[in-house]
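Subject: Structure handover

Hello,

Please find the structure below. My notes on it follow.

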Amino acid sequence: MSKRGMGRRDFLKSSAAGLGGFVYLSANEKGSPEKGQEKKEGKITYRTLGKTGLRLPVITMGVMNTSNPALVRAALSNGMYFLDTAQTYQRGTNESMLGELLKGRPRDSFGIATKARLPNNQTTGLYPEEATEEAFAKKIDTSLKSLGLDYVDIYHHHSVWVREAALYEPILNALVKAKKAGKIRSIGITTHRNEPEVINAAVDSKVYDVVLPAYNFRQKHAEEVKKAIARAAEAGLGVIAMKTIGGNVGGSYHNPQIDAPAALKWALQDPNVHTIIAGFATFDQLETDLKVLRDSLLSKSEKENLRRAALQSGLYCEGCGKCLGQCVRQLPIPDLMRAYMYLYGYRNLVEAQDLLFSLSLPAGLCGDCGTCPVKCLNRWNVSERIQNVVRLREVPPEFIA
Amino acid sequence: MEGSKTKRSFLPFFVLSCALGLVLFLRAPALEGKTVDFPQMSGWKQDGKTQVFSPRTLYEYINGAADLYLAYEFQNLHVAEYKGEKKAGVTVEIYRHKDPTQAFGIYSQERLANARFLDIGSQGYHEPNVLNFLTGPYYVKINGFNTGEDDEKVLRPFAEKVEEILGEKTSLPPILSSFPGEGKKKNSEKFISKNFLGYSFFHSGYTADYEVSGKKFKIFVIEGKDQQDCRAMMEKYLKQTGNEGQKPSEGTYRLKDSYHGEVALFWKGKSIWGIVDLKDPDLRSKYLKEIEGRGKGGER
């Protein structure tokens, strides 16, 4: 029994009560959404996904962490009727699992977003000329086939971290043509780093309908992400937040340092966020998220938990990349800060040394620059940290393995 | 005299052999070192340096898909890109997991049952532009770009060379032989590393898909640490299925699970095995017995 005297099955049953159907708003209801365009029907809170007109529960199920159809069915039957998957999750078997599960369900009883990417340069984030419109169009068709659907509600251009890639014409062309052909209802873009640049590019493109950035209370550049999100929402784009528990910075449902419901609620305090993706993998975690779906207000103790967790993240480099152009020697500072965290935060000498070796750094770092021009947003003394951590290169690996 | 002389001269050899055996057993897997020497391939040139990713940085390479890899005790990833003629490219990714079981787990999550299976590593398969295989704690993924229609001929030599550098061929988890063959969908076996059936109290488990006379169902096997561990799991599962307070004892159970439907299971020793969503009582009983006969249940 829960603290409120309600068992899990009772809870799930009660959450399902008063569900609204999965609807698109009519044309005259669409347009630029106003802040607070939030409706509570029954016990579930809904927001409208910008100009797409999609009315969504404030929590979307991220299916990436499970191959358990029973968990997806439980989410759907409890009002979490929007699902997020990707062609890369379990190499497409995540999409086919959903295809099997959704077979026979009325198409207006659920919504679905999926995503794909083409091979790009992992350093620059840019696409090579082999990344063609045809190749991306094929990805869209493959997703539809795996899902067994005629169309998806959102198709995202997946994992973009530079403006040029966001505006890469062959992919945009493929998405626009698929939208015209009725294969996709809305075009989205996902970004896990350098989010503000990508969100702004999406707004400028006039092609994207939805942005899906990483956004959480542990991001050092959360304020910048927030501003970019506000601009996107103002322009009528739908905003879906991911990694809200901090999955990209060591957070998870199981991390004792993270109050997961508080982290989910933190993102929902931003009225420009229309729904968040929660990647739960157990029925317990689903129950946690359903509670947030009913009540997303942060309590005093939850705020305090978030504040403490944010303080503990003082060693995390979020990889905002602002430092990269500032160093006269063009050092990979985010990587070096990560090595510093492994060494001083986790006391993991092997991991730290592995990373240092993989960076192929020059000798004598930070010893001859005089004043360091790097201004870290965390106000870290980057030069000092680098000089400390690179000493680990001198230790023979067999001493620390 | 002759006999004792032989015994004395044999002893140093025996000790040396044991020591060598122990060293080989404890030998660190190939990629625990600092670098990976990716193979040189005739007609191909490695493009750029080998990229290395750790559990903390895997997100940078595969983004949201990283969560699942981390659930399978991912240790590190080495990536090499090769360039060939006419803009052809091959990417080789070597994922190292904590042990062969975890590597099988993530491999089984991504394995396509209808792919063309190959005799490489513990198991491998090819589909257009892709050749994936499993060997020991390694899950190797090889992708081809502009490698032509019959690209198995291009990708296979890469796979064979990589298999060589990763060491001896290993087999699939022996527990898979516990699954009855009748009605089993080939290559549908999976290892779920945690939260089996969506319940955190179930730890890990193996599952396979079945179809008999048009009826689809699943069979699973859970291996506990010991009998006490299984008792604890059973207690929690009984509570979950509305049988709170019932003291579990070894034997057969038929439970109504609100998420999974009808579940028949058998607990014996440190093993629990069962069937999800099979209503025919005779067939249920037959399968439960067959699993026991195949080696489950005797381990206490």
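Two strands are taken to pair if DSSP finds at least two bridges between them. Helices (H or I, at least four residues) and strands (E, at least two) are DSSP runs, numbered from the N terminus.

This is a predicted model, in which local features need pLDDT of at least 70 and side-chain atom pairs count only at pLDDT 80 or more, while totals for chains, interfaces and linings use all residues. Residues are numbered from 1 along each chain as its sequence is written, and chains are lettered from A and ligands numbered from 1 in the order in which they are written.

Chain A

Strand S4 (residues 59–62) of chain A pairs with strand S5 (residues 82–84) of chain A in the parallel sense, over two bridges. In that pairing A:Met61 has A:Leu83 of S5(A) as its bridge partner. Both strands belong to a closed barrel of eight strands with parallel pairing, in the order S4-S5-S6-S7-S8-S9-S10-S11 (chain A). From one strand to the next, the twist averages 25°.

Helix H7 (residues 195–205) of chain A packs with helix H8 (residues 222–234) of chain A at an angle of about 10°, and their axes are 9 Å apart. Axes here are lines fitted to C-alpha atoms, for helices over the stretch in contact, and angles run from 0 to 180 degrees between N-to-C directions. H7(A) is therefore roughly parallel to H8(A) (angles under 35 degrees count as roughly parallel, over 145 as roughly antiparallel, 65 to 115 as roughly perpendicular and the rest as oblique). Among the residues that make the contact are A:Ile199 and A:Val203 of H7(A) and A:Val225 and A:Ile229 of H8(A); two residues are in contact if their C-beta atoms, placed from the backbone, lie within 7 Å. By class, the contact of H7(A) with H8(A) has eight nonpolar, one polar and three charged residues. Ala, Val, Leu, Ile, Met, Phe, Trp, Tyr, Cys and Pro count as nonpolar, Asp, Glu, Lys and Arg as charged, and the others, Gly among them, as polar.

Contact between the chains

Chain A gives 34 residues to the contact and chain B gives 29 residues. On the side of chain A, two or more residues come from each of helix H2 (69–77), helix H10 (283–294) and helix H13 (349–358). H13(A) has the largest share, with five residues. The side of chain A that touches chain B has 12 nonpolar, 15 polar and seven charged residues.

Chain B

Chain B has seven helices and 14 strands. Of its 300 residues, 39% are buried (20 or more other C-beta atoms within 10 Å of the residue's own; exposed is 12 or fewer, partly exposed in between, with C-beta atoms placed from the backbone).

Domain 1 (30–166) and domain 2 (174–293) make up the division of chain B, with bounds from an automatic or database domain assignment. Their centres, taken over C-alpha atoms, are 33 Å apart. The contact takes 11 residues from domain 1 and 10 residues from domain 2, and helix H4 (residues 100–110) of chain B supplies the largest share of the domain 1 side, six residues.

In strand S7 (residues 130–135) of chain B, five of the six residues are buried. S7(B) pairs in the antiparallel sense with strand S6 (residues 123–127) of chain B over five bridges, where B:Gly124 stands opposite B:Phe133. Six bridges join S7(B) to strand S8 (residues 138–145) of chain B, also antiparallel. S7(B) and S8(B) form a hairpin with two residues between them, and B:Gly136 in the turn has a positive phi of about 55°.

Regards
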